Amino acid sequence: MTAGELAQELSLNILCLPHPEREVTGGFAGDLLSWVMGGAKEGDAWVTIMSNLNVVAVASLCDTACVVLASDTVLDEKDLKTAEEKEINVLNSPLPEFELCVKIGELLK
Amino acid sequence: MSAPLKLHFDIDGENFTSAGEASVKVKKWLRQLGLPQDIIRRVAIAMYEGEINMVIHASGGYAEVTVFPDRIEIILCDKGPGIKDVELAMQAGYSTAPERIRSLGFGAGMGLPNMKANSDTMKINTEIGVGTTITMTVNM
Ligand SMILES: Nc1ncnc2c1ncn2[C@@H]1O[C@H](COP(=O)(O)OP(=O)(O)OP(=O)(O)O)[C@@H](O)[C@H]1O
Ligand SMILES: [Mg+2]
């Protein structure tokens, strides 16, 4: 499943999707950045409610397939511009983290 | 690759929200050099944690990354407060990060453990009131 397909299947809002064809191979949930650094794998959909520029750096360094911001959290315009430049996919959803993870998990089965 | 390749970065100690910039650049550079993915990833994670620590705990410093034929060396040097108890600081979960930093997602106390886990060697030289220098290597 690609990041673009994931967005479509779960009706996620597209905040920035420079690489819709990126393959999503797993998932990781977490808000504490060094837990994410230590645990997220390349190709993961990273579900978080953390929403500042550091999220972009961590997503970039961990090579996650996309960031999925839960509970309607958003990145501000400036940070989204950076995400675009760094070619990071950022999606969001009104669903809370747990429910998002369950749905992503279903799709990746 | 014959002669070692080296990059130097000054790390701004004021900028909590866009820290990580040097690590992102190093990652890109190592990619251009065509190094293996898993090596790049380990370097990126180890360096990012060190870079962030310099910003949030030591008001900045410099980073130097050298690519040798058999390893990558990362040096992170700051003139911050130093680390009082290195063994304690290395423990997963130990953090002195203030609240305003925690609200950005830092302060899990996992940075130094991540650096250890992603490097093959890690040496911490620290002196109270003088600063901290951390040298890590990642073998190819
Ligand atoms: N360069 C440094 N100068 C001074 N103290 C440091 C430095 N790096 C780490 N420390 C001390 O070691 C502690 C543990 O560092 P570590 O990176 O493991 O966790 P953290 O930075 O507090 O949180 P996290 O990395 O999970 O966001 C810090 O809280 C701080 O007290
Ligand atoms: Mg840290």
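Let's start where the two chains meet. Between chain A and chain B there are nine residue pairs in polar contact, with both residues at pLDDT 80 or more. Keep in mind that this is a predicted model.

Which parts of chain A do the touching? The largest share comes from α3(A), with seven residues. Now sort that side of chain A by class. You get eleven nonpolar residues, five polar and five charged.

Next, the whole contact. Chain A puts in 21 residues, and chain B puts in 24 residues.

On to charges. How many salt bridges cross the interface of chain A and chain B? Three. Look at Asp63(A), which forms a salt bridge with Arg31(B). Their closest N and O atoms are 3.1 Å apart.

Last stop, the rings. Over all chains, the count of aromatic pairs is zero. But find Phe68(B). The charged end of Arg71(B) sits over the ring of Phe68(B), 4.0 Å from the ring's centre.

That's my tour. Thanks.

Methods
Residues are numbered from 1 along each chain as its sequence is written. Chains are lettered from A and ligands numbered from 1 in the order in which they are written. This is a predicted model: local features need pLDDT of at least 70, side-chain atom pairs count only at pLDDT 80 or more; totals for chains, interfaces and linings use all residues. Side-chain values use heavy atoms; hydrogens and water are left out. Rings of Phe, Tyr and Trp (its six-membered ring) pair if their centres lie within 6.5 Å; planes under 30 degrees apart count as stacked, over 60 as edge-to-face and the rest as tilted. A charge sits over a ring if NZ of Lys or CZ of Arg is within 6 Å of the ring centre and within 35 degrees of the ring normal. Contact means heavy atoms within 4.5 Å. A salt bridge is a side-chain nitrogen of Lys or Arg within 4 Å of a carboxyl oxygen of Asp or Glu. A polar contact is a pair of N or O atoms within 3.5 Å; within protein, one must be able to donate a hydrogen and the other to accept it, and residues adjacent in sequence count only if both atoms are side-chain atoms. Helices (H or I, at least four residues) and strands (E, at least two) are DSSP runs, numbered from the N terminus. Ala, Val, Leu, Ile, Met, Phe, Trp, Tyr, Cys and Pro count as nonpolar, Asp, Glu, Lys and Arg as charged, and the others, Gly among them, as polar.
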